[in-house]
Amino acid sequence: MIGKFSLIPPSASTIASDVDTLFWFISAVTVFFSLLIAGTIIVFMVRFRRRREDEVPRHEDHGSYALEIAWTVIPFALTMVMFFWGASIYANMKRPPDDALHINVVGKQWMWKAQHMEGRREINEIHVPVGRPIRLSIASEDVIHSFYVPAFRIKQDAVPGRINQAWFEATTPGEYHLFCAEYCGTIHAGMIGKIVAMEPAAFQQWLAGGTPGAPAVPVAELGRQQFEQRGCQTCHSGQPGALGPALGGLHGASVPLADGTTVIADDNYLRESILNPHAKLVAGYSPIMPVYQGLLSEEQVMQLIAYIKSLPGDHS
Amino acid sequence: MLKSEHMVGVGTYLTIFFALMVLTAITTAVAYVDLGVLNVVIMLAIAVTKATMVVLWFMHLKFATRLTWLWAFGSVVFFAILVVITLSDYLTRAVLS
Amino acid sequence: MSAAPIPHGEPAGAGAARPTNYLNADYGVRSWLLTVDHKRIAVLYLVSITLFFLLGAAYAGAIRLELLTPRGDVFGDDTYNKMFTMHGIAMVFFFLIPSIPATLGNFLVPMMVGARDLAFPRINLLSWYLYMIGGLFALGAMVIGGVDTGWTFYTPFSTAYATTNVIPAAIGIFIAGFSSILTGLNFIVTIHTMRAPGLTWFRMPLFLWAHYATSLIMILGTPVVAVTILLVGLERMFGLGFFDPRLGGDPVLFQHLFWFYSHPAVYIMILPAQGVVSELVCAFSRKRVFGYAFICASSLLIAVLGFLVWGHHMFTTGQSVYAGMIFSFLSMFVAIPSAVKVFNWTATLYRGSIAWTAPMLYALGFIGLFTVGGLTGLFLSTLGTDVHLHDTYFVVAHFHYVMVGGAVMAYLGGLHYWWPKISGRLYPEAPAKISAALVFLGFNLTFFPQFVLGYMGMPRRYHVYVDEFQVLNVLSTAGATILGVGYILPLFYLIWSFRYGELAPPNPWGATGLEWQTPSPPPTENFVRTPVVTTDAYDYPHLELLPSPKEVPVG
Amino acid sequence: MAEALASAHAPDVHVLHVAHQFDDAEQQWTASTLGMWVFLAQEVLFFGGIFAVYVIYRTLYPDAFAVASNHLDVALGTFNTAVLIGSSLTMALAVHASQVGHRRALVGWILMTMLLGSVFLGVKVYEYAHKWHEHLVPGPWFQWHGEYPKQVEIFYSLYFGMTGLHALHMVVGLGIMTWLVVAARAGRFGPDYHNPVEITGLYWHFVDIVWIFLFPLLYLIGRHWHP
C-alpha cells in the first residue's frame with residue numbers, strides 16, 4: 001500500500017508470493033554462509049592471534065582435496081536449486097494466460113499512457129480488476145523505460161522499436177506504486193504512478209465511466225479507423241488477387257516469407273510489417289507497401305494490431 | 001637472426017601471395033552464382049582460408065611458440081563467444097518471448 | 001632450503017644519508033613526467049587515481065545528501081542526474097578499473113617476477129598519459145556542464161535524446177580504455193617472458209596470477225566497450241545508425257556489447273583485490289595459502305566465465321527467454337570460484353599466527369564484505385528474483401559491496417601493506433586501525449539498508465522518492481558520513497608518514513616474496529642482482545626472522 | 001625464495017639494442033613479438049565489436065543488406081583486395097630483407113608497401129566521395145529510393161564504420177612505416193635486431209586480414225541475389 005512504512009513490500013499479485021518464497025530461500029543461504037564465514041574468521045582471529053612477534057607456525061598445510069571438493073560441490077548444488085526455481089518462476093512470468101484482459105501501455109518521457117481494449121485511456125494510473133490476469137503490451141515512444149510494480153514483483157522494459165509483454169494477476173484491492181525503473185532522462189524520478197486494483201464489479205463500473213461527453217471508442221475500432229483512413233483496405237482487402245496479404249486470422253499464424261523462412265505473426269512481427277513492411281516480406285507479394293516508420297505513433301500501431309487481431313478468418 | 005626466429009623463404013611468400021590472389025578471384029566469381037545458403041558459407045570459408053594463410057606464413061605463426069598460437073586463436077574464440085551468444089538471443093526471441 | 005634468514009633488517013642507511021633509490025634517484029617534475037620506471041609510474045597513478053577517487057566521493061556525498069529527504073530539496077533533477085553519472089564515470093573508469101592494477105600492480109608485478117622493470121616501460125608511461133588525457137576529457141565534460149546518461153550510456157537516450165556533453169565523456173572513456181589495455185598487455189608479456197630464474201608458474205605469488213587473469217579481461221573485453229562507445233559517438237555526432245530503432249536498429253544490441261565488457265569489468269576490479277587479499281592473509285597469518293592451485297585456477301576461471309554471463313543485466317529488456325535462461329545458468333557457475341577463494345582464505349587462517357595489523361583488518365573485512373556482495377549476486381543471477389530487484393537499490397547495494405566493500409577495502413589494505421616499500425616509511429598503526437574499523441562500520445551502515453530499500457522496490461537513479469523509503473535512506477546517509485571519515489583519515493596519515501614516518505626496514509612484516517628482499521624503497525633497477533627463486537610462494541613454515549631492530553637490546 | 005639474493009647472472013653490460021629491462025636479445029625478441037600478438041588479440045575484439053553488430057543486422061535483414069551491398073563497386077573492391085594482399089607480400093619481403101641484413105632491399109620493400117597502402121587509401125577516398133555524391137552517407141542527407149530504405153541506412157552506417165576503422169588502422173600503419181624507413185636508412189636494423197620491422201609486419205598483416213573479411217561481407221553478399 002502507498003505511504004505505509006514497512007521493511008517488506010506489499011505482496012499483491014499471484015506471482016509475488018512465489019518470488020518472495022524464493023527470495024527468502026536465497027536470503028537464508030546468504031545469511032547462513034555470511035555468518036559461517038564471518039564467525040569462522042572471528043574465531044580464528046582470536047584463537048590464533050599472534051602472541052609473540054617472532055612466532056612462526058612451523059607445520060605444513062598441504063590443503064585438502066576433500067574440503068576443496070566439498071566447498072565446490074555444495075555451493076554449486078545450491079546455485080542449481082536457485083537457477084531451476086528462478087527459471088520456472090520466470091517462465092511463468094513470461095507466459096500470460098490466454099484469458100487475460102489486455103491493456104496497451106506506452107512509456108514516453110516522462111509518463112505512462114495506458115489504454116484499455118474497451119477504449120478507456122489513463123495516464124500514470126492503471127485500473128485493473130483483482131482475480132483476473134492482466135496482459136500488458138508495453139512500448140516506448142522515445143527512450144527505454146521500465147514498467148515496474150514492486151507490489152506485483154513484475155518489471156518489464158519498454159524498449160523503443162518493439163512491443164514487450166508482461167502480465168500479472170492482482171490479488172488484493174488497493175493502490176500500488178508504479179515506477180519507471182530504467183533511467184530515462186531529466187524527470188525519470190517523476191515518471192511514477194499507481195496501479196488501482198479493484199473488485200471486478202467496481203472495475204466494470206469504472207471502465208464504463210470514461211471521459212464525460214466522449215464515449216470511449218474500443219481500441220480495435222480505433223485501429224479500424226486508422227486502417228481505413230490510410231487506405232490499407234485497398235491492398236489488404238482479403239480478396240483473391242489482392243496486392244497485399246489477407247489479414248483475417250493472421251495474428252498468431254505462421255507466415256511463409258519471400259526468403260523461404262517462416263515466422264509467427266506475433267505483435268512484433270505485425271509492428272515491424274506495418275512500420276518497415278519490406279523487412280519480412282510475405283512469400284508471393286511484392287515490396288510495394290509504403291514505409292510507415294515515423295508516420296504512426298506507437299499507440300496507433302498498437303491500435304492497428306488490435307484491429308488485425310479482431311479480424312475473423314482462417315489463416316492456415 | 002635470433003634463434004627464436006624463423007626465416008621464411010621468398011619462394012614461400014610468393015606461393016602464398018599467388019594462392020591468395022587465386023582465392024580472391026574465386027570468391028568474387030562464386031559470388032555471382034546463386035547457390036542459396038552456400039554462398040555465404042563458401043565466402044566465409046574462403047575468407048577464413050585466406051586469413052589462415054596470412055597468419056601462418058606471412059605472420060610466421062606456423063613457426064611460433066604454442067603461447068603465440070594460444071593468443072592468436074584465443075582471441076578468435078572470445079569473438080565467437082560474443083557473436084554466438086548475442087545471436088542466440090536474436091534467433092530465439094520470436095520463438096519464446 | 002631456505003638458508004638465508006629473512007631479516008627484518010635495519011632500515012637501509014638509518015642515520016646516514018639513504019642510498020640511492022627510485023625516489024631520490026632524480027629530482028624535479030621532468031624526472032617524474034618522463035620517467036619510465038614502473039615504480040614512479042605507479043606513484044603517478046596513485047596520485048591521479050586518488051584525485052579521481054576524491055572527485056567521485058564528493059559526488060557520492062552530494063548524492064547521499066540529496067537522498068536524506070524524499071523531496072528534491074538540495075539539487076534539481078538535471079543536477080542530480082549529472083551527479084550520479086559523473087560519480088559512476090569517475091569511480092568506475094577512472095578509479096576502480098585502474099586502482100589496484102595500475103598502482104600496486106605496476107609497482108609490484110616486476111618486483112614479484114624478479115625483473116628490473118615491465119617489458120615495455122615506455123608503453124607503461126604512455127598508458128598513464130592516455131589515462132590522464134582520458135581523465136581530462138571526462139573532467140572537461142564535467143566542467144562544461146556535465147553528462148546525464150548514467151555511466152552505462154544506454155541508447156537511444158545517449159545517442160538521440162540526451163542534450164548534455166556525451167561526446168567528450170565518451171572520448172574520455174574511449175581513451176582511458178586503451179590505457180587499461182596497454183597496462184594489461186604489459187603485465188601479460190612481463191609475466192610470460194621476464195620471470196626470474198626458478199620462478200615457475202606454480203611458484204608465483206597469487207597476486208601475479210590475479211593480475212594475469214585481470215589482464216586477460218582488460219585485453220579481451222576493453223576493446224569491445226571501446227568500439228561500442230565509438231559507435232555511440234558516431235551515431236550521436238554524424239547520424240550513423242547502429243542502434244537507432246527508427247531504422248530498425250535495436251537498442252538492446254548496445255546493451256549486449258556494453259555488458260560484454262562491463263560485466264567482466266567487475267572482475268577487473270575484484271580479481272586484483274583478491275590477489276592482494278591472498279598476499280595479506282598469508283603474510284599476517286604466516287602460513288602457506290590453503291589450496292594454492294585452486295585459487296590460481298579460480299582466478300583464471302573467473303576471468304573466462306566472466307565473459308559468458310553478461311546477459312544477466314538484461315533479463316527485463318525483452319531479451320529472449322531462452323537467452324535469459326542460458327545467462328542465468330552460466331552466472332551460477334561464476335559464483336563458484338569466488339566461493340572457493342573465500343573458503344580457502346578462511347582455511348589459511350587456521351592454526352596461523354594472526355597479526356591484527358591494519359592491512360590484515362582490511363583483508364578480513366574484505367572477505368566478509370565480499371562474501372555478502374558475492375552471495376547477494378545470486379539474487380540477481382536468479383531469474384525469478386532479478387525481475388523484481390533489477391534496477392533497484394538492491395543492485396546498487398550489491399555492486400557496492402563487491403566494488404567498494406571488496407575492491408576498495410583490498411586496495412586500502414594493500415596500500416598499507418606495501419606502503420613501507422613504496423614510501424620507505426612506516427605508516428602509523430593506531431590511526432590506520434581506526435580508519436579500517438570506520439570504513440568497515442560506515443560501509444555496512446551505508447549499504448546494508450540499500451538491500452532492504454531495493455527489496456521494497458526503490459528504483460535506482462531517483463532523487464525524489466516516495467515517503468516509505470526515507471528511514472532507510474537516512475540510515476544510509478549517516479553511514480556514508482562515517483565512511484567518508486574513514487576514507488579521509490588515510491589520506492592524512494599516509495601523506496604525513498611519507499615525510500615524517502619511521503624509516504622502513506626492507507621487510508617490516510617478515511613476509512616472503514621477492515619484493516621484500518630488496519631495500520625499502522627499492523633502487524631504480526629493483527634488485528642489485530637478478531634473484532633466483534628456489535621455493536614455492538609463501539614459504540612461511542621455513543621463515544627465519546631476525547629480531548627486529550626495535551627489539552635488539554641496546555648496548 | 002630465500003636464496004633470492006643469489007645471482008643467476010649479472011647483465012651489467014647491455015648488448016647494443018637490448019633495453020635495460022631485458023637480459024638478452026632473445027628475451028627482448030620474445031617479449032616484443034608476444035606483445036604484438038597480444039595487441040592483435042585486442043584488435044580482434046575491437047573489430048569484433050563492430051563485426052558482431054554486422055552479424056546481427058545481416059541476420060535480421062538479409063535482403064536489405066543484399067540490396068545495399070549490390071550498390072558498392074565490386075571492381076574497385078576486388079582491385080583494392082589485390083592491392084592490399086600485394087602490400088602484405090611486400091611487407092613480408094621487407095621482414096625477410098631485414099633478417100638477411102639487406103638494408104637497401106629493406107628500405108625498398110617498406111616504401112613499396114607504403115605505396116600500395118596509399119593506393120588502397122586513394123581508391124577508398126574515391127569510393128567515399130562517390131557515396132557522398134549519391135547521398136549514401138548515413139545521416140540527415142541519406143537518400144535511398146529503392147527498397148528497405150531504413151535498413152539500407154544501417155548497412156551504410158556499418159560500411160562507413162567498418163571501412164573507416166580499417167582505413168584508420170592503415171593510416172596509423174603508414175605513419176609507423178614512415179618512421180621505419182628513416183630508421184632503416186640510418187642502419188638501425190640488422191640480422192640481430194629488427195624487432196620493429198617484424199612487429200610492424202604483424203600489424204600490417206592483421207590489417208590485411210580484416211580486409212579479407214570486409215571485402216566479401218560488404219561487397220559480395222548480394223551479388224547472386226536477384227529480386
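This is a predicted model: local features need pLDDT of at least 70, side-chain atom pairs count only at pLDDT 80 or more; totals for chains, interfaces and linings use all residues.
## Overall form of chain A

Chain A contains six helices and twelve strands. Its radius of gyration is 27 Å, whereas a compact globule of 316 residues would have a value near 20 Å. Taken along the principal axes, the box filled by the C-alpha atoms of chain A is roughly 95 × 50 × 35 Å.

Of the 316 residues in chain A, 39% are buried. When contacts between residues at least 6 apart in sequence are considered, 68% of those in chain A join residues at least 24 apart.

## Overall form of chain C

Chain C has 15 helices and zero strands. The C-alpha trace of chain C spans about 80 × 45 × 45 Å along its principal axes.

In chain C, 70% of the 555 residues count as buried. Among the contacts in chain C with a separation of 6 or more, 85% are between residues 24 or more positions apart.

## Domains of chain B

Chain B consists of two assigned parts: domain 1 covers residues 1-64, and domain 2 covers residues 65-97. The C-alpha centres of domain 1 and domain 2 of chain B are 22 Å apart.

## A five-stranded sheet in chain A

Five strands of chain A form an open sheet with mixed pairing, in the order β3-β2-β1-β5-β8. At its edges are β3 (121-123) and β8 (164-168) of chain A, each of which pairs on one side only. With direction ignored, neighbouring strands of this sheet are turned against each other by 25° on average.

Strand β1 of chain A comprises residues 101-108, and it is largely enclosed by the rest of the structure because six of its eight residues are buried. Towards β2(A), residues 111-116, the pairing of β1(A) is antiparallel and has six bridges. A hairpin of two residues connects β1(A) with β2(A), and within this pair A:Asn104 stands opposite A:Gln115 of β2(A). Towards β5(A), the pairing of β1(A) is parallel and has seven bridges; here A:Gly107 has A:Ser140 of β5(A) as its bridge partner. Strand β5(A), residues 134-140, is in turn joined to β8(A) by five bridges in the antiparallel sense. In that pair, A:Leu136 is bridged to A:Ala166 of β8(A).

## A buried tryptophan in chain C

C:Trp419 belongs to helix α13 of chain C, which covers residues 393-423. A residue is buried if 20 or more other C-beta atoms lie within 10 Å of its own. C:Trp419 has 24 C-beta neighbours inside 10 Å and therefore counts as buried.

Leaving aside residues up to four places away in sequence, C:Trp419 touches C:Tyr427 and C:Leu494. C:Asp73, by contrast, is 346 residues from C:Trp419 in sequence, and the C-alpha atoms of the two lie 42 Å apart in space.

## Interface between chains A and C

Chain C contributes 84 residues to its contact with chain A, and chain A contributes 81 residues. On the chain C side, at least two residues each come from α3 (77-113), α5 (157-161), α8 (251-285), α10 (321-349), α11 (358-381), α12 (383-389) and α14 (429-456). The largest share of this side, 15 residues, is supplied by α10(C). By class, the side of chain C that touches chain A has 47 nonpolar, 24 polar and 13 charged residues.

## Interface between chains C and D

The contact between chains C and D involves 48 residues of chain C and 40 residues of chain D. On the chain D side, the elements giving two or more residues are α1 (25-60) and α5 (149-185). Helix α1(D) gives the most to this side, with 17 residues. The side of chain D that touches chain C divides into 23 nonpolar, 14 polar and three charged residues.

Technical notes
Residues are numbered from 1 along each chain as its sequence is written. Chains are lettered from A and ligands numbered from 1 in the order in which they are written. Helices (H or I, at least four residues) and strands (E, at least two) are DSSP runs, numbered from the N terminus. The radius of gyration is taken over C-alpha atoms; the globule rule is 2.2 Å times the number of residues to the power 0.38. A residue is buried if 20 or more other C-beta atoms lie within 10 Å of its own, exposed if 12 or fewer, and partly exposed in between; C-beta atoms are placed from the backbone. Two residues are in contact if their C-beta atoms, placed from the backbone, lie within 7 Å. Domain bounds come from an automatic or database domain assignment. Ala, Val, Leu, Ile, Met, Phe, Trp, Tyr, Cys and Pro count as nonpolar, Asp, Glu, Lys and Arg as charged, and the others, Gly among them, as polar. Two strands pair if DSSP finds at least two bridges between them. Axes are lines fitted to C-alpha atoms, for helices over the stretch in contact, and angles run from 0 to 180 degrees between N-to-C directions.
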